[in-house]
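User: Could you walk me through reading a structure like this one? I'd like the general idea for each feature and then the case here.

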Amino acid sequence: MHTISVINAKGGVGKTSTVLHLAVASVQDGLNTAILDLDPQATCARWSERRPEPTPVVLVVSVGRLSEELERVAAAGADVVYVDTPPRWAGSDAAARAAARVSDTMIVPTRPSIVDLEATMDTIERIRSVSSARVIAVLNGCLSRGKDTAGAAAALAGRNVEVCPARIGQRVVIARALLHGRAAQEVEPGGKAADEITNVHSVLSAHIKHTESNGRGENT
């Protein structure tokens, strides 16, 4: 089982949206997929209640039971599990640190603004202090025009941060789909959002396969 934690200290960067869309992409890829919701707001769990399909499975967990729940999910046959974490304003960074420690991969979504990038770098420094797992920044909410996205990618790369080559644009369908317990690729299978999410998931899948083939997954 591969554990992917989605972490950023700043709110509003698309953590939960990233978790839900990538988890649905994993299900569509034929993987037994679960989501562990560490956020007190339980947004993933509420999305699951609205969802007509039973997968991905969403479990609300506390920081103290994270390792135990991961073991239980692994025993149940999960191939991949996504961990959604709260922003720092929801409490201390204990949840992010706990998630980092159990991760095989960490995704840090960020919007391409200076405020978000500063919080992202702070987050990456903190999680790197407790985990040697791979960290991948995913640019999210990107505008189709302008140089902000390219500048953000260059700024992150300049700080020795791996940036996912696929990016997610600012798409109305992403928020609209979540309202109905769906993901954008389910609502508009041939749309731009679907393509972007598929591309990010493909990058992640290639990394997971490479990790597993080389026996480097810490929690597999």
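This is a predicted model: local features need pLDDT of at least 70, side-chain atom pairs count only at pLDDT 80 or more; totals for chains, interfaces and linings use all residues.

User: Let's start with the helix. Which residues of α7 are buried?

Analyst: The general idea: an α-helix has 3.6 residues a turn, so residues three or four places apart point the same way. Helices here are DSSP runs of H or I, at least four residues, strands are runs of E, at least two, and both are numbered from the N terminus. Buried means under 20% relative accessible area, exposed over 50%, and partly exposed in between, with a 1.4 Å probe and protein chains only. In α7, residues 172-179, the buried ones are V173, I174, A177 and L178. Looking down the axis of α7, they fall within an arc of 135°, so they line one face of the helix. That arc is taken from the directions from the helix axis to the C-beta atoms.

User: What sits on the face of α7 turned away from the buried side, and what covers the buried residues?

Analyst: The face turned away carries the exposed residues V172 and L179. The cover over the buried residues of α7 includes α1 (15-28), α2 (43-50), α8 (184-187) and α9 (192-213); contact means heavy atoms within 4.5 Å. Just past the end of α7, G181 has a positive phi of about 70°.

User: On to cysteines. How many disulfides does the structure hold?

Analyst: A disulfide is a covalent bond between the sulfur atoms of two cysteines. The cut-off used is a pair of cysteine sulfur atoms within 2.5 Å. The count here is 0. For C44, the nearest cysteine sulfur is that of C164, 19 Å away. C44 is also buried, at a relative accessible area of 0%. As for C142, its closest cysteine sulfur is in C164 as well, 10 Å off and too far for a bond. C142 is buried too, with a relative accessible area of 8%.

User: How do I read the empty spaces?

Analyst: Rolling a probe the size of a water molecule over the atoms shows where empty space is left. On a 1 Å grid over the protein atoms alone, a cavity is a set of points where a 1.4 Å probe fits but cannot get out; a pocket is an open set with protein on both sides within 12 Å along at least five of seven lines, and lining residues have an atom within 4 Å of a point. Points are joined across faces, edges and corners, and a volume is the space filled by probe spheres set on the points. The search of the whole structure turns up 2 cavities of 30 Å³ or more.

User: What lines the largest cavity?

Analyst: Its volume is about 110 Å³. The lining has 14 residues, with I7, A9, D93, A96 and R126 nearest the centre. α4 (94-102) and α5 (114-128) each supply at least two of the lining residues. For classes, Ala, Val, Leu, Ile, Met, Phe, Trp, Tyr, Cys and Pro count as nonpolar, Asp, Glu, Lys and Arg as charged, and the others, Gly among them, as polar. That gives 7 nonpolar, 3 polar and 4 charged residues for the largest cavity.

User: And which residues line the second largest cavity?

Analyst: That cavity holds about 40 Å³, and its lining is I107, I136, V138, C164, V200, V203 and L204. β6 (134-139) and α9 each give two or more of these residues, and α9 gives the most, with 3. By class, the lining has 7 nonpolar, no polar and no charged residues.

User: What about the largest pocket: which residues lie closest to its centre?

Analyst: The largest pocket has a volume of about 370 Å³. Of its 23 lining residues, S17, R111, I174, A175 and L178 are the closest to the centre. The elements giving two or more residues are α1, α2 and α7, with α1 giving the most, 6 residues.

User: Last one: what does D84 touch?

Analyst: D84 lies in strand β4, residues 80-84, and is buried at 0% relative accessible area. Leaving aside neighbours within four places in sequence, D84 contacts V6, K15, T16, V19, L36, D37, L38, D39 and C44. For comparison, L70 in helix α3 (residues 66-75) is buried at 7% and touches M1, T3, L36, V81 and V102, not counting residues up to four places away in sequence.

Methods. Residues are numbered from 1 along each chain as its sequence is written. Side-chain values use heavy atoms; hydrogens and water are left out.
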